[in-house]
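Biologist: I would like to learn how to read the features of a model one by one, with the general idea set out before the particular case. Could we work through one together?

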Amino acid sequence: MKHACQHLCEKFQVAMDVLAKPWNGLIIATLEEGALRFGEIGERLDAISDRMLSSRLKELEALGLVVRRVLPGPPVRVEYELTDAGRGFGEVAQAISRWGERLAVSAARGGGVKRGARAARAAR
């Protein structure tokens, strides 16, 4: 855990450390569709470089969220799939989408950007 905040749950902070890295959430959400080859992931996330994708997949594999599977050939193929822990992100992604809808509505009204965090909490 990189950032320790005493007032926040340690498990929440561990999850946020994963999501705070660029592309991780998008890669995990993409793999919710099922096992995909490297190139297929890259096609779905067209702005990510091969180098970054490779790095992130290795990190997610080390965290136990993604499994790398070598399929016998010819030709030999490699695919990536979420583990049970990685598949747990589906509910989180849905919650983030709902929050994103609220953010979009707030931004459209002009209130999301101008109001500070304290003002937003006070308004609730």
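Biologist: To begin with a single side chain, is K21 buried, partly exposed or exposed?

Modeller: The general idea is a scale of relative accessible area, on which buried means under 20%, exposed means over 50% and partly exposed lies in between, with a 1.4 Å probe and only protein chains counted. K21 has a relative accessible area of 25%, which means that K21 is partly exposed. Before we go further, please note that this is a predicted model, in which local features need pLDDT of at least 70 and side-chain atom pairs count only at pLDDT 80 or more, whereas totals for chains, interfaces and linings use all residues. Residues are numbered from 1 along each chain as its sequence is written, and side-chain values use heavy atoms, with hydrogens and water left out.

Biologist: With which residue does K21 form a salt bridge, and how far apart are the closest N and O atoms?

Modeller: A salt bridge is a side-chain nitrogen of Lys or Arg within 4 Å of a carboxyl oxygen of Asp or Glu. The partner of K21 is E59, and their closest N and O atoms are 3.1 Å apart. Because K21 lies in the loop between α1 and α2 while E59 belongs to helix α4 (residues 50–62), the pair ties together parts that are 38 residues apart in sequence. The elements named here are DSSP runs numbered from the N terminus, helices being H or I with at least four residues and strands E with at least two. E59 is partly exposed, with 24% relative accessibility, and K21, R56 and E59 are linked in a network of salt bridges.

Biologist: How many salt bridges does the structure hold?

Modeller: There are seven salt bridges in the structure. Among them is that of R69 and E79, whose side chains meet at 3.2 Å, N to O. This pair links distant parts of the chain, with R69 in strand β2 (residues 66–71) and E79 in strand β3 (residues 77–82), ten residues apart. R69 is partly exposed at 32% relative accessible area, whereas E79 is buried at 15%. Another salt bridge joins the side chains of R37 and E40 at 3.7 Å, N to O; R37 is partly exposed at 33% relative accessibility, and E40 is partly exposed at 22%.

Biologist: Turning to the strands, in what order do they form the sheet?

Modeller: Two strands count as paired if DSSP finds at least two bridges between them. Here three strands form an open sheet in the order β1-β3-β2, with antiparallel pairing. β1 (36–37) and β2 stand at the edges with a single partner strand each, so one side of each has no neighbour in the sheet. Two bridges pair β1 with β3, and L36 has Y80 in β3 as its bridge partner. Six bridges join β2 to β3, L71 being the bridge partner of R77 in β3, and β2 and β3 form a hairpin with five residues between them.

Biologist: How should I read a helix, and which residues of α1 are buried?

Modeller: An α-helix has 3.6 residues a turn, so residues three or four places apart point the same way. In α1 the buried residues are Q13, D17 and V18. Seen down the axis of α1, they fall within an arc of 145 degrees, so they line one face of the helix; the arc is that of the directions from the helix axis to the C-beta atoms. Their cover includes α2 and α4.

Biologist: Is helix α2 mostly covered or mostly open, and how many of its residues are buried?

Modeller: Helix α2 (residues 24–31) is mostly covered, with six of its eight residues buried, namely N24, G25, I27, I28, T30 and L31. For contacts, the criterion is heavy atoms within 4.5 Å. N24 is buried at 1% relative accessibility and, leaving aside its neighbours within four places in sequence, is in contact with V18, R56 and L60. T30 is buried at 8% relative accessible area, and, with neighbours within four places in sequence again left aside, T30 is in contact with L36, R44 and L45.
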